[in-house]
Amino acid sequence: MDISVFQIIWFVLWGVLWAVYFMLDGFVLGTGFLSGILAKNDTEKRILINSVGPVWDGNEVWLITAGGATFAAFPTTYALMFSNLYSALVLLLFALIVRGVSFEFRGKLESDTWKKSWDMAIMVSSFLPALLFGVAFGNIFKGIPMKNDFAAYSYSYDGTLIGLLNPYGLLTGVLFVLLFAVHGSLYAAIKTTGDLSKRGSDLANKLWLPLLVVAVAFLGYTYPATKLYNNYLNAPVLLIVPLIAVISLLLVKLYTVKESFHMAFLFSCLTIVFVVFTGVTGLFPNLIPSNIDPASNLTIFNSSSSLLTLQIMTVVAAICVPTVICYKIWVYRVFRARVTDADIVGNPEAY
Amino acid sequence: MNVVTLSQLQFAATGMFHWIFVPLTLGLSIMTAWMETKYVTTGDETWLRMTKFWGKLFLINFALGVVTGITMEFQFGLNWSEYSRYVGDIFGAPLAIEATLAFFLESVFIGVWIFGWNKISKKAHLASIWLASVATNVSALIILLANAWMQKPVGYVIRNNRAEMNDFLAVLTNDYGWIKFIHTLLSGYALAAFLIMGVSAWHLLRKNENEFFVRSFKMAAVWAFVATIGVAVTGDMHAVEIAEHQPTKFAAMESQWETKRGVGMSLLLIPDVARECNSVDQLCIPNMLSILAFHDATGEIKGLKSFPPELRPPVLPTFLSFRLMTGLGMFMLVASLAAIILSRRQKFSEYRAFLTLMVCAIPAPYLAEQLGWLVAELGRQPWIVYGMLKTSDAVSKSITSTQVILSLLGFTVLYGLLGAIDIFLLVKYAKKGPDKDVSSIINVQGRG
């Protein structure tokens, strides 16, 4: 098979890995930064943390895999994406580090100051990634100021951290925050009981309209700010992708009102996945465009690994990814029950 | 300082910090799995209490190993983008494979193990700790194969102004990587065993839970001794590889300046880098170095002077790290042998001096681990990929020294804080001792 077939396979996989990561970590981040609003006392906080306890780490691995896959399949993109967006990604890294240890450390000492500090740490370190991922992807959709000469192997970048905080980047950031907020609230609604669960569903209900407004603004602003619509104009059949995103978002509201929160959560998953697909479909065949020089775009063709490496990685992915999905489904089934007071008190291992 | 030096400093600092936690994860995960196996097969409650107690320390330590690992993966792109672009066709693959094959398994089943005590059967619970610990060990193999490629590049061809893979099997079967893997893995087992012995000794000195800690100590002593022997044997095999493929690293490790046949090994050696010789050179064992390097008494060792100064690694730190690491290894061998013999005696818990020594010995393997990596990575300089790509050519072009200073500061503050908290918690829970009551688990899981 021609190398371009594998480049396209890896483009699709690249999009899928990011989409699944946002779908899975989205509710962990959402419950994290909303924990101050959702949970009113220590027990409720612990219930919330323990509702994501068995799965958060496995969910984060999708990010590591997305990073690893970018490195293996598109090394030039990996190299330039990480070094060009250095400061933003270092901040992101700090936040993810703090979030991970917060879960583990919070319950290890019986002290109010200790627990309150980690509560604050969880909120900040969950909010920052949600916002920063949005800002980063907004800028990727828009293109970043880089000048690359692929024939001469010379690459330059002329952007700053502040430059990433442009209106479109920030709007995408807010979109991600609201997507994860609704997602996390619904997760709390279906994974806890009593008041906590009720607060989750109420919050999801309340945040839905702001989310819709921002989503519409995002779709509108994307037209002047990016070139994402070009692919859709060339092949209108692709419009099915954003259409699924919009319909899913509407169904989130419908099922929330009908108090069928499991369905609402399911469609919230679909919304996130198809929002990411919407952006990624618009990017093709670019991975990261340049907004100053179209010839500098990092595409799947000019930044990929060799045919052999892509073939090997395709075999690895074909074996590993379905296996991972199988045992992850098993784990979600094992821990499908709602988390209650009794779980926290009865289990000394709980967070 | 320039971007290269700052980035090197940052990679070294974050890497060494990561490596405070990983060896214990490698060793303690397997040993915890072993304890739970004993519990499931014998039904003896003490094994369950051991699983819970040592497993708790494992988890506190595990958290920091995981989060600091993400930094390592990101940094190749952040600070070393020229490297990533140049070797990504080969180096990216193991990183992606590590994530899909090992990290998922490890993180998912650690979650099952922590939260699954009352949710799944005894056997399924046991399987989850085995899956998680085997996955951590597999991830060590994959990342060390990647590191081995930087030390001894194989299976590639230079094409399109980069290194492209032409033989994946060669990358996977790189003997340099396999020896390094076994050396590193066993060093982690030894470290974990020394931690168990040290903590047990601390409690035995206080007459706390005698039976529990004597049993833990006895088990760990055997692990420590066997693992340390393995570390020594693979260390010897590794030295042979280094002498053959990385002559500058070998010469710096031994502070060997002249190229000679049948070189001896001096026990007392002080390098004088400025004058390119050793200012003190005493107690020489004839032909020893040639034997160590080539298993041949007359083998020729290339001295540092055979290489231009700009291609030599920093001699003094490489030499000192290697000597100190080897010394610590020998101490561990003797200490663990003594531990096996003494712990079998009736009056073991009264040997206060020895128990105190074992408490104080906890940091020894930690130090040896760090020194080992210093030898491996400093000794490779000035190359990032030995003989192929210089470290100075590998750094990202779009980052400024201000950016790296800020991130380095951030890492220092954040890691310093988290490291202090983690060690505080480890000490707190180690001192607290095991829970008396494990009936909540037994009642749910059933006896025997």
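Pro285(A) has its place in the loop between α13 (261-283) and β3 (286-288) of chain A, where helices (H or I, at least four residues) and strands (E, at least two) are DSSP runs, numbered from the N terminus. The model is a predicted one, in which local features need pLDDT of at least 70 and side-chain atom pairs count only at pLDDT 80 or more, while totals for chains, interfaces and linings use all residues. Residues are numbered from 1 along each chain as its sequence is written, and chains are lettered from A and ligands numbered from 1 in the order in which they are written.

Pro285(A) is joined to Phe284(A) by a cis peptide bond, with omega about 0°. In chain B, a cis peptide bond links Gln381(B) to Pro382(B), with omega about 5°. Pro382(B) sits in the loop between α12 (363-378) and β7 (383-385) of chain B. As background, most residues other than glycine have a negative phi, and most peptide bonds are trans.

Glu209(B), which is not glycine, has a phi near 55° and belongs to the loop between α6 and α7 (210-245) of chain B. Glu209(B) counts as partly exposed because 19 other C-beta atoms lie within 10 Å. For this term, C-beta atoms are placed from the backbone, and a residue is buried if 20 or more others lie within 10 Å of its own, exposed if 12 or fewer, and partly exposed in between. Asn287(B), again not a glycine, has a positive phi of about 65°. The loop that holds Asn287(B) runs between β5 (277-285) and α9 (288-294) of chain B. With 17 other C-beta atoms within 10 Å, Asn287(B) is partly exposed.

Turning to chain B as a whole, its secondary structure comes to 14 helices and eight strands. The C-alpha atoms of chain B fill a box of roughly 70 × 50 × 40 Å, taken along the principal axes. Of the 448 residues of chain B, 53% count as buried. Among contacts in chain B between residues at least 6 apart in sequence, 78% join residues at least 24 apart; two residues are in contact if their C-beta atoms, placed from the backbone, lie within 7 Å.

One buried residue is Tyr83(B), with 23 other C-beta atoms within 10 Å. Tyr83(B) is found in helix α3 of chain B. Leaving aside residues up to four places away in sequence, Tyr83(B) touches Phe76(B), Ile384(B), Leu389(B) and Ala394(B).

Within chain B, the axes of helix α4 (residues 122-151) and helix α6 (residues 175-205) come within 8 Å and cross at roughly 135°. Axes are lines fitted to C-alpha atoms, for helices over the stretch in contact, and angles run from 0 to 180 degrees between N-to-C directions. α4(B) and α6(B) are therefore oblique to each other, since angles under 35 degrees count as roughly parallel, over 145 as roughly antiparallel, 65 to 115 as roughly perpendicular and the rest as oblique. By class, the contact of α4(B) with α6(B) has eight nonpolar, four polar and one charged residues. Here Ala, Val, Leu, Ile, Met, Phe, Trp, Tyr, Cys and Pro count as nonpolar, Asp, Glu, Lys and Arg as charged, and the others, Gly among them, as polar.

Finally, the two chains meet: 59 residues of chain A are in contact with 57 residues of chain B. The largest share of the side of chain A that touches chain B, 13 residues, comes from α14(A). By class, that side of chain A has 38 nonpolar, 16 polar and five charged residues. The axes of α14(A) and helix α3 (residues 81-115) of chain B come within 10 Å and cross at roughly 10°, which makes α14(A) roughly parallel to α3(B). The residues in the contact of these helices divide into 17 nonpolar, three polar and two charged.
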